[in-house]
Amino acid sequence: MKWSQTLIPTLREAPADAEIASHKLLLRAGLIRKLAGGVYSFLPLGLRALRKVEQIVREEMNRAGAIEVLLPALQPPEIWQQSGRYETASAVLFKAKDNANREWVLSATAEEVITTIAAGEINSYRQLPKNFYQISVKFRDEIRPRFGLMRAREFIMKDAYSFDVTDDAAQITYQKMYDAYAKIFARCGLKAFAVEADTGVIGGKFSHEFMIPAETGENEVVFCESCGYAANIEKATSGIPKTATREIGAAIEKFATPGVVTIEALSKAPYSVPANRQIKTLIYIADGKPVIVLIRGDDQLNEAKFAGKIGTTVFRPATAEEINLFLGAHPGNLGAINMQYEHLSGEIQQTFLDVRKSQAWDNCKIFADERLRGANEMTTGANEDGFHLRNVSIERDIKVTDWFDLRIVTAGEPCAKCGKQLKIRRAIEVGHVFKLGTKYSEAFNAAYLDESGNRKPCVMGCYGIGVTRTLQAVIEQCNDKDGIIWPLSVAPYQICITPLNVDVNNEAMKLAEKFYAELTSRGVDVILDDRDERPGVKFKDADLVGFPIRIALGEKSLAKGEVEIKPRGGALQAVKIDNAVEAAMTLLKS
RNA sequence: CGGAGCGUAGCUCAGCCUGGUAGAGCACUUGGUUUGGGACCAAGACGCCGCAGGUUCAAAUCCUGUCGCUCCGACCA
């Protein structure tokens, strides 16, 4: 390709709405342009890099035995209702209406579609296993699109769906995908690692996410350098000790704490109740009903874990007004003990009772973090502004509905497996593999007949790679002050030939054309910078775009019978003209 | 959706406080001088100052509303 014939609109300055390095570089190097928030056009250079990532994904998926299909982006809402995700995933689904006012769902993912196909076309164990994948545009109504392609409303995803006869067989497929993913990211030049992950709305038994370490990543990963344990913080657990049990002491005692509404304030004199001897009482409204969550004063609630336990993602913290109405006190004075209303007077008490009834408050569930199990001599709010209770024994005084691990792990806690200190780092999620089980196959009746003629649901898995996100992750991981440093495997062009004089009669240009023809015939992706620009502009642009190898032809070196070959980020080497093509090929292979 | 900020030329931004009819740099066009790391000179073209109301003799500037964008939080590949 000749530079002058394509479109590579490089920018000296990054547009103001780009925040992180990779987003700025995508724009500055002329790979993408924004059409609207979270919606981007791919320009020629960006598309070339994207196609390379796609091709790597395709090759490894094929190698792992998956077969490519293409499923519709326009999907009838009925199938989403059938799986139940029309409600549970409602927040991210784009919906459109046709001219007959019929509703459609834009594909956010395709479990429903593929399972419909499996239900219709797979009848026998002889047809299994099958693993279908596609690389296609996905739509998600992200609450907050961010960082260019990292979190977009429209993006390209590789999604795969496997169907197996048994759980054991599904495990083998899962492992194949896991291995394929490791290869894919390695081939893209990425340092990826897998972590245990939360399954979220998709559901299923367990999953791993593939992460790219990056300060700008939106995920926090807990990991142990000693034994290799690694998990998304949403899922991570640690071996932190439970609350020390003490003698069950005296009866509960109410004491005045005027104006004290934080854990910290209560931990100071004159109260001096250590945070680890306090019970934090949080009120959430989940599916319209109140839920009480108890965790230790020095811990934080992990909302992802909480969501997993209560089985809905539709929840929010209760407002101060709601809490006051329900419990008769404001945040900072709450406890799961005195959920009474005797202290309220007449009319207010009636309102209180009505609210409780309407909100099913009397059946309000109390979930407590495991770390509080058996705790006593604890302090918590008295449900009366300005008062707390001490000598609280959880098992004795609070009717806990259920105990769960609900806390957020923090750095430095002991690893649950080996006891060494856990660390936390930020990362970008580029892939996710799920073991689904039979959730979708049962909902869509995707079943097969086994050897004995028994009808059984297929055991499913699903596997996603954010292709456009992966592309940006490559840039986020591979750049310097001058621009992108493409790994050879995904570079839009592998070699940029830069003649410093582009007059067709000039020796530099003639030679450039000759190299271009030779390298192209050898299957190398080459771009020839035939613009009549000053050398500085060409060099700066080549560095910005980040071609792995640049071959410069200028008077100075040509006079010595040489050309200059410079790997991006490596040392410049002078090579005899006749050896230049071979030298470049050698560099490509190394 | 809650909190914060920003919408002026293709890009980066000034002007707004204190109202008087549109600016700079880069990019673009033409001519010239340059030519190994984002050149210089000259001349040009490019603006519904996000949109809609309002105040005013007069609005980019003040007021109200609205839309869009960015950042922090919840969501995700």
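These legends walk you through a few views of a predicted model. Residues are numbered from 1 along each chain as its sequence is written, while chains are lettered from A and ligands numbered from 1 in the order written. Because the model is predicted, local features need pLDDT of at least 70 and side-chain atom pairs count only at pLDDT 80 or more, whereas totals for chains, interfaces and linings use all residues.

**View 1. Chain A as a whole.** The C-alpha trace spans about 100 × 70 × 55 Å along its principal axes.

**View 2. Around Ile551 in the largest nonpolar core.** Such a core joins buried Ala, Val, Leu, Ile, Met, Phe, Trp, Tyr and Cys residues through C-beta atoms within 7 Å; buried requires 20 or more other C-beta atoms within 10 Å of a residue's own, with C-beta atoms placed from the backbone. Among the 118 residues of this core, Ile495 and Ile551 touch the most other members. Beyond neighbours within four places in sequence, Ile551 is in contact (C-beta atoms within 7 Å) with residues including Ile495, Phe515, Val563 and Ala584.

**View 3. The surface near RNA strand B.** Counting residues whose C-beta atom, placed from the backbone, lies within 6 Å of the strand, there are 57, and Ala16, Gly37, Gly466, Gly536 and Gly554 come nearest. Helix 15 (535-545) is one of the elements supplying at least two residues, and its eight are the largest share.

Notes
A residue is buried if 20 or more other C-beta atoms lie within 10 Å of its own, exposed if 12 or fewer, and partly exposed in between; C-beta atoms are placed from the backbone. Two residues are in contact if their C-beta atoms, placed from the backbone, lie within 7 Å. Helices (H or I, at least four residues) and strands (E, at least two) are DSSP runs, numbered from the N terminus.
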